Amino acid sequence: MGERENSLIYKTIKAIVHFFYPKTEVKGLSHLPDEPAIIVGNHTQMNGPIACELYFPGRRYIWCASQMMHLKEVPAYAYRDFWSQKPKSVRWFFRILSYLIAPVSVCIFNHADTIEVCRDRRIVSTFRETAERLQEGANVIIFPECDKPYNNILYDFQDGFVDIAKLYYKKTGRELSFVPLYIAPALKTMYLGKPIKFCAENPTREERKRICSYLMQEITDIACGLPPHVVVPYRNIPKKDYPMNIPQNETIRQEVKDNAKTGN
């Protein structure tokens, strides 16, 4: 299949997703620096990439796992990352689904505004392309959560992405800003928080810890400051186990979940 056909398929899929996916508002745009920045958000399973691809304003690129861009690698990665924690009785269905989505995944992620993220030596090319996109004036969106729970809002952040700022500083002499982003599908809203700026004088390890700690805390504070709502976690766990942004008694918790289902 040719490039033109793949591009047309991607545009068709995007139009369909745009029609069915809830319109998502972006609040806190005043927190975006005048210069390009790294936007760091909670993954919310597939909601983060979808919402940002459809509704995040301006020129931006989204980090995408390399495995989701290569046909042979999609099934194993998709099943492990999305559906491995589903009830055992239905896992067979999701194993089949992981193969069915592979061609669609490759088409989408190779035509969307993405940057391929490699977990081996090729990470150098990921960082290089990210710095180039920033130098071109685009923002870059990253979802760095891993499998280790941090609190009821987030899973812990992988901190290697902070090193982009070091490369960017070497190329431009400018200190890069990182902007926290909380995505709340239940509220159909994305919230930007106050940025933190990389300090080139500090040791790399210290900057990784400082910036990640700030971003995770700021995202948590944004979430906890909002009305009670169901949080979509990083892991694709059963919906009955989804946490609340603020601890609630069971009655209120169930009312909020019922309202989320009915759209009230």
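Residues are numbered from 1 along each chain as its sequence is written. In this predicted model, local features need pLDDT of at least 70 and side-chain atom pairs count only at pLDDT 80 or more, while totals for chains, interfaces and linings use all residues, and side-chain values use heavy atoms, with hydrogens and water left out.

**Cores**

The largest nonpolar core has 35 residues. Such a core is a set of buried Ala, Val, Leu, Ile, Met, Phe, Trp, Tyr and Cys residues joined through side-chain atoms within 4.5 Å; buried means under 20% relative accessible area, exposed over 50%, and partly exposed in between, with a 1.4 Å probe and protein chains only. The residues with the most contacts inside this core are Ile-38, Trp-63, Phe-161, Ile-164, Phe-178 and Tyr-182. Two or more residues each come from β2 (37-41), β3 (60-65), β4 (114-117), α6 (123-135), β5 (139-142), α7 (164-172), β8 (177-184) and α8 (204-224). Helices (H or I, at least four residues) and strands (E, at least two) are DSSP runs, numbered from the N terminus. The most is given by α8, with 7 residues. Apart from this core lies another, of 18 residues, among them Leu-54, Ile-62, Phe-143 and Leu-181.

Contact means heavy atoms within 4.5 Å. Leaving out residues up to four places away in sequence, Ile-38 touches residues including Thr-130, Leu-134, Val-140, Ile-142, Ile-164 and Phe-178.

**Helix α7**

The buried residues of α7 are Ile-164, Ala-165 and Tyr-168. They lie on the same side of α7 because they cover an arc of only 90 degrees around the axis, the arc being that of the directions from the helix axis to the C-beta atoms. Their cover includes β2, β3, α6, β5 and β8. After α7 comes Gly-173, with a positive phi near 80 degrees.

**Pocket and cavity**

On a 1 Å grid over the protein atoms alone, a cavity is a set of points where a 1.4 Å probe fits but cannot get out, and a pocket is an open set with protein on both sides within 12 Å along at least five of seven lines; lining residues have an atom within 4 Å of a point. Grid points are joined across faces, edges and corners, and a volume is the space filled by probe spheres set on the points. There is 1 cavity of 30 Å³ or more.

| Space | Volume | Lining by class |
|---|---|---|
| Largest pocket | about 1,200 Å³ | 33 nonpolar, 8 polar, 8 charged residues |
| Largest cavity | about 50 Å³ | 2 nonpolar, 3 polar, 1 charged residues |

In these classes, Ala, Val, Leu, Ile, Met, Phe, Trp, Tyr, Cys and Pro count as nonpolar, Asp, Glu, Lys and Arg as charged, and the others, Gly among them, as polar.

Of the 49 residues lining the largest pocket, His-43, Met-46, Pro-49, Phe-82 and Phe-109 are the closest to its centre. The lining of the largest cavity consists of His-43, Gln-45, Asp-81, Phe-82, Tyr-234 and Asn-236.

**Single residues**

Asp-81 sits in helix α3 (residues 74-83) and is buried, at 15% relative accessible area. Beyond four places in sequence, Asp-81 touches Tyr-234 and Arg-235.

Ser-66 belongs to the loop between β3 and α3 and is buried, at 2% relative accessibility. Its contacts, not counting residues up to four places away in sequence, are Glu-116, Val-117, Cys-118 and Arg-122.

Val-104, in helix α5 (residues 102-111), is partly exposed, with a relative accessible area of 38%.
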